[in-house]
Amino acid sequence: MSDGIQIVPLAPAKFYQRSNEESRQPKALRPKRGGKCFFYFLALIVLLSAATLVLAIIVAPRTPHVKLTSVAVEYLIYGNDPIPSFNMTLAAAVSIKNSNFVRFRFENSISSVLCEGVVVGEAKLGSGRVGARKTRRVNIAVKIRSSDSLSEAKNLSGDFNSGKLKLFSYAKLKGNVRLFGIVKNRTAVMNCGLNLNLTSRSIQDMECT
């Protein structure tokens, strides 16, 4: 039986060498990692810049706003004999609005009342602090008395005759806010005009800037 079996040798394996076009094709199909990395890096820079800009806008130090919120006449006498003069006491409320995201500290301050450009009364606002995004109310009593130089003013007698007296209230609060360990000085100024009705003994109009 062994004589009838023929053994056929296997043909040697044929190796085909890839052409230049075939070897280049897989590389062309591969994604370019360098391009993606550059895109991600650029996107990260844009996001960081936008976040920094938003943070700077939010936490940028702002100057607090100070104004008179209410004024009441507690005591008032006035007359033209022998010269125009007045004596009064005003009870006022001053609001200090802090729009910063950190607290505002202010030094000892004084609120002044003027008539015809002359200081006729002062009151202490004291020192203190206002919390972040908070408003603090300070109650003061201002004693006002006309001076000799003011009594000589011709307009004062005319104001008495008309029944109205124009007053101005001024205050300056010097303070600071602390952002990331850096102290930023801020000065808040209050300018308010008051129209006092002498007949009704009340403040008729009040406007603050």
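**Close-up views of a predicted model**

View 1. Ser-146 is found in the loop that runs between strand S5 (135–145) and helix H3 (148–151), where helices (H or I, at least four residues) and strands (E, at least two) are DSSP runs numbered from the N terminus. Ser-146 is buried, its relative accessible area being 13%; buried means under 20% relative accessible area (1.4 Å probe, protein chains only). A polar atom of the Ser-146 side chain lies 3.0 Å from the backbone nitrogen of Phe-86. This is a predicted model, in which local features need pLDDT of at least 70 and side-chain atom pairs count only at pLDDT 80 or more, while totals for chains, interfaces and linings use all residues. Residues are numbered from 1 along each chain as its sequence is written, and side-chain values use heavy atoms, with hydrogens and water left out.

**View 2. The three-stranded open sheet.** The strands follow the order S1-S2-S5 with antiparallel pairing, two strands being paired if DSSP finds at least two bridges between them. Strand S1 (65–79) and S5 stand at the edges with a single partner strand each, so one side of each is left without a neighbour in the sheet. S1 and strand S2 (residues 85–97) pair in the antiparallel sense over 13 bridges, and Ile-77 stands opposite Asn-87 in S2.

**View 3. The five-stranded open sheet.** Here the order is S4-S3-S6-S7-S8, again with antiparallel pairing. Strand S4 (118–130) and strand S8 (202–208) are the edge strands, each pairing on one side only. Strand S6 (residues 164–179) and strand S7 (residues 182–197) pair in the antiparallel sense over 16 bridges, with Ala-171 opposite Met-190 in S7.

Key: Buried means under 20% relative accessible area, exposed over 50%, partly exposed in between (1.4 Å probe, protein chains only). A polar contact is a pair of N or O atoms within 3.5 Å; within protein, one must be able to donate a hydrogen and the other to accept it, and residues adjacent in sequence count only if both atoms are side-chain atoms.
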